[in-house]
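Please keep the 3D view open as you read.

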Amino acid sequence: MEKADYIWFNGDLIPWDKGQVHLLTHTLHYGLGVFEGIRCYNTSEGPAIFRGREHIERLLNSAHIVKMKVPFTLEEIRKAMFEIIKANNLKECYIRPIIFYGTGAMGLNPLNNPVEVAIICWSWGAYLGEEGLKKGIRCRISSFTRHHVNIAMTKAKVCGNYVNSQLAKIEALEDGYDEALMLDVDGTVTEGSGENLFIARKGAVKTPPVTGILEGITRSSILELAEARQYLVREEKISRDELYISDEAFLCGTAAEVTPIREVDRRTIGEGKPGPITKHLQEAFFKAARGEDPKYRKWLDYVE
C-alpha cells in the first residue's frame with residue numbers, strides 16, 4: 001500500500017498517520033460495520049470516480065440493513081471523496097469509505113456507541129496482479145461455504161462477513177492458487193472471495209443470480225456491456241461441473257476489475273488463456289472506466 005497524505009474522518013482531513021482509533025472501538029471487537037471499495041480512474045478530462053453514486057447508495061443501504069444511523073448524507077460523502085482525492089493529489093486511486101461503531105459501551109448491543117465515518121484513498125494497482133489481468137489466474141473451489149441469506153445480510157457489505165472470505169482466500173493461497181471460488185449451501189457456484197463470477201459457454205454469458213451474493217456494481221456494468229454487444233446474457237445458477245467445462249470464465253469487481261480465470265481445481269478452462277468474450281468485455285470495461293467510450297460517461301463522476 002502506498003501511503004497517502006490525508007484521511008477524511010468524521011468531516012475533517014487528518015494526517016495519514018493520525019488515522020487511529022481506540023482499542024475498544026466496538027466494530028474492531030464485534031465486526032458490525034459497513035464499507036465500500038471504489039476506484040477513481042484518470043481520464044482525458046481528469047480524475048473520475050467510477051459509478052461513485054451507486055457505491056455510496058450501496059454503502060448507505062448496507063448501513064440501513066444493519067440499522068446503523070449514518071451522520072452524513074449521500075451528497076456529503078460524495079463531496080468528501082472529491083475532497084480526499086484532491087488533498088492527496090491523486091489521479092487514480094482506490095477509495096475505501098467505512099462506517100463503524102466507535103468507543104462506548106461493550107457487549108453485543110452497539111446502538112449507544114457513536115457511528116464514525118472515514119474515507120481513505122491510496123494508489124493501488126491490479127488486485128490480482130497485472131499478469132493475472134493479461135493471462136488469467138488459477139482458482140480453487142473453497143471448502144468454506146458462502147453465507148446463507150438468513151445467516152448474514154448478503155445484500156450488505158458488512159465488515160464481519162469478510163471473515164468467511166478471508167478464510168477462503170488464505171486456504172486458496174496456501175494451496176498454491178490465486179483466488180477462491182465459493183459454493184452456496186446448495187452446492188452451486190456463487191462468487192470469488194471478493195468478486196463476482198461470469199462464465200461463457202456456447203456463446204452465452206452467464207452469471208449467478210444475486211440471491212445470496214452481493215449486488216456487484218462492476219457486475220451490473222459487465223451485464224450492460226455484454227447486452228450492448230449482443231451477447232446472450234443469463235442470470236442463472238452455475239454448477240461446479242458446468243464451471244469446469246465452460247469455454248471462458250472471469251471474475252469482476254472494483255478491486256479485481258475484469259480478471260480472466262484460466263484454471264479451476266487443476267482443470268483448464270477453455271484453452272487455458274483469456275478467451276475472446278472475456279477480452280472483449282475487459283477492453284470495453286476499461287474503455288468505459290477511463291472515459292474513452294462516451295456512451296458510458298454516465299458511469300463517471302468527475303472530481304470537482
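Predicted model: local features only at pLDDT ≥ 70, side-chain atom pairs only at ≥ 80, totals over all residues.

Start with the largest cavity, which holds about 40 Å³ of space. Its lining is made by Ile38, Arg39, Tyr41, Phe50, His55, Thr218, Thr254 and Phe285. Strand 4, covering residues 38-43, supplies the largest share of that lining, with three residues. Sorted by class, the lining has four nonpolar residues, three polar ones and one charged one.

Now move to the second largest cavity, with a volume of about 30 Å³. Around this cavity you will find Asp247, Glu248, Ala249, Pro260, Ile261, Ile269, Lys273, Pro274, Gly275 and Thr278. Two or more lining residues come from each of strand 15 (248-253) and strand 16 (257-264). The classes here are five nonpolar, two polar and three charged.

The largest pocket has a volume of about 900 Å³. The lining of the largest pocket is made up of 16 nonpolar, 15 polar and seven charged residues.

The second largest pocket contains about 540 Å³ of space. Its lining has 19 residues, and those nearest its centre are Gly19, Val21, Ile98, Phe100 and Ile120. Strand 1 (6-9), helix 1 (26-30), strand 6 and strand 7 (115-122) each contribute two or more residues. In the second largest pocket, 14 lining residues are nonpolar, four are polar and one is charged.

Let us turn to the helices. The axes of helix 2 (residues 52-65) and helix 3 (residues 74-87) come within 10 Å and cross at roughly 125 degrees. These two helices are therefore oblique to each other, and their crossing is right-handed. On the helix 2 side, the contact is made by Gly52, Arg53, Ile56, Glu57, Leu59 and Leu60, while helix 3 brings Leu74, Glu75, Ile77, Arg78 and Met81. By class, the contact has six nonpolar residues, one polar residue and four charged ones.

Our last stop is the meeting of helix 6 with helix 8 (residues 276-289), where the axes come within 10 Å and cross at roughly 110 degrees. That angle makes helix 6 roughly perpendicular to helix 8. Here, too, the crossing is right-handed. Thr218, Ile222, Leu225 and Ala226 of helix 6 make the contact with Leu281, Ala284 and Phe285 of helix 8. This contact has six nonpolar residues, one polar residue and no charged ones.

Two of these names bring us back to where we began: Thr218 and Phe285 take part in the contact of helix 6 with helix 8, and both are among the residues that line the largest cavity.

Methods. Residues numbered from 1 in each chain as written. Heavy atoms only, no water. 1 Å grid on protein atoms, 1.4 Å probe; cavity = no way out; pocket = protein on both sides within 12 Å on 5 of 7 lines; lining within 4 Å. Points joined across faces, edges and corners; volume = space filled by probe spheres on them. Helix = DSSP H or I, 4+ residues; strand = E, 2+ residues; numbered from the N terminus. Nonpolar A, V, L, I, M, F, W, Y, C, P; charged D, E, K, R; others polar. Axes fitted to C-alpha atoms, helices over the stretch in contact; angles between N-to-C directions. Parallel < 35°, antiparallel > 145°, perpendicular 65-115°, else oblique. Left-handed = near helix turned anticlockwise from the far one by under 90°. Contact = heavy atoms within 4.5 Å.
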